[in-house]
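Thanks, everyone, for making the time. I would like to walk through one structure, going from overall dimensions to sheets and then to a few individual residues.

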Amino acid sequence: MKYIALPGLGTQRLSFYLAMEEYVARTVSEDDCFFMWQVEPSVIFGRNQLIENEVNLDYCKQHNILTYRRKSGGGCVYADMNNVMFSYVTSDDNVNLTYNRYINMVVLVLRKLGVDARGGGRNDIMIGDRKVSGNAFYHVPGRNIVHGTMLYDTDMANMVGAITPTGEKLLSKGIESVRQRIALLKDYTTADLETFKAFVRANLCDGEVRLTRADVAAIREIEREYLSPEFVYGNNPRYSVVRRRRIEGVGDLELRMEIKNSVVRAANLVGDFFLLGDIDRRLLSHLRGVALEREAVERAVPDRLDDLVMNLKKEDFVSLVLAQ
């Protein structure tokens with residue numbers, strides 16, 4: 001696997017590294033590529049999440065925390081210079097195999113470092129019963145991209161305040177609660193952050209591809225999409241009916257429907273689920289014009305959904321539509 005190196009740019013905005021993943025996936029011929037990056041305090045939320053549901057925008061503005069949307073699914077993440085982000089690009093077309101390979105690869109590196117890590121949940125790497133890394137993925141033609149956090153250290157007040165409602169009491173309770181659920185790598189190794197990064201690169205990569213200034217210019221063109229208000233804030237019209245449910249192994253789902261005379265006129269699905277296919281074309285469009293009756297909904301919804309949303313079953317989605 002080749003490490004993708006930049007020509008001495010210094011720290012960039014988070015949107016730059018998201019664009020860099022796309023650029024590498026579309027232009028670098030190596031089968032497997034990897035790079036690490038760090039950013040100033042930032043929040044990154046998933047492709048199918050509503051920013052107003054996930055991010056405390058007032059807190060972020062007060063504390064100079066930037067906000068970005070990514071093209072992968074999953075939940076909202078806080079990042080800063082005390083953590084490191086991983087990006088993995090591979091030619092393998094199978095999303096599940098790619099994802100499992102990446103998780104196992106990172107777990108093995110941590111174990112070589114002497115950290116008793118393991119994969120856990122949909123997308124996590126755990127130390128004991130605490131999460132040290134959350135990850136997400138998406139697909140571009142012929143390539144898969146996996147990216148994730150590695151919680152070496154972090155500003156806990158910012159992590160909690162940027163993603164959850166604040167207030168002094170809520171913030172202090174939130175920090176205590178989150179600290180019980182996450183692991184900071186610094187507590188499990190004597191390696192400092194720079195030593196850890198060097199160890200990861202040495203154990204995962206056997207050479208490098210160094211990008212040029214022309215490559216950087218092309219990345220900045222891709223980055224413009226990530227910075228556009230249309231992409232960051234999305235097109236979230238008001239809907240007359242909202243159904244919410246957490247489905248084990250799938251995530252938090254929020255189905256928004258425009259209903260007229262008990263018939264679905266439009267539908268949108270948001271949440272922290274992992275997207276595998278085109279849900280607008282292959283699922284949500286099938287609901288338009290359908291009466292809110294079990295037989296009609298079951299007839300409209302495809303039998304297989306786990307190739308669109310990871311682990312989603314037809315019966316669970318139908319129950320969500322009908323609020324049953």
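Predicted model: local features only at pLDDT ≥ 70, side-chain atom pairs only at ≥ 80, totals over all residues.

What radius of gyration would a compact globule of 324 residues have, and what does the protein have? The rule, 2.2 Å times the number of residues to the power 0.38, with the radius taken over C-alpha atoms, gives a value near 20 Å for the globule, and the protein has 20 Å, which agrees.

Residues are numbered from 1 along each chain as its sequence is written, and side-chain values use heavy atoms, with hydrogens and water left out.

The accessible surface, from the Shrake-Rupley method with a 1.4 Å probe and, for residues, only the protein chains shown as cover, comes to about 15,000 Å², and carbon and sulfur atoms account for 46% of that. Of the 324 residues, 55% are buried, where buried means under 20% relative accessible area, exposed means over 50%, and partly exposed lies in between (1.4 Å probe, protein chains only). If we take contacts, meaning heavy atoms within 4.5 Å, between residues at least 6 apart in sequence, 69% of them join residues at least 24 apart.

As for secondary structure, the protein has 12 helices and 14 strands, and these are DSSP runs numbered from the N terminus, with helices being H or I of at least four residues and strands being E of at least two. Two strands count as paired if DSSP finds at least two bridges between them.

Eight strands make an open sheet with mixed pairing, in the order β7-β8-β9-β10-β6-β2-β1-β11. β7 (117-120) and β11 (208-210) are the edge strands, and each has a single partner, so one side of each is left without a neighbour in the sheet. From one strand to the next the twist averages 25°, with axes fitted as lines to C-alpha atoms, for helices over the stretch in contact, and angles running from 0 to 180 degrees between N-to-C directions.

Glycine 119 has isoleucine 125 in β8 as its bridge partner, and arginine 118 stands opposite methionine 126. The two strands form a hairpin with three residues between them, and glycine 121 in that turn has a positive phi of about 65°.

A second open sheet, also described as mixed, has three strands in the order β4-β3-β5, and its edge strands, β4 (66-69) and β5 (77-79), each pair on one side only. Here β3 (residues 42-45) and β4 run parallel over four bridges, with isoleucine 44 opposite tyrosine 68.

Turning to helices, α5 (residues 156-163) is mostly covered, with six of its eight residues buried, among them Met156, Met159 and Val160.

Which residues does glutamate 298 contact, leaving aside its neighbours within four places in sequence? They are Lys314 and Val318. Glutamate 298 sits in helix α11 (residues 294-300) and is partly exposed, with a relative accessible area of 34%.
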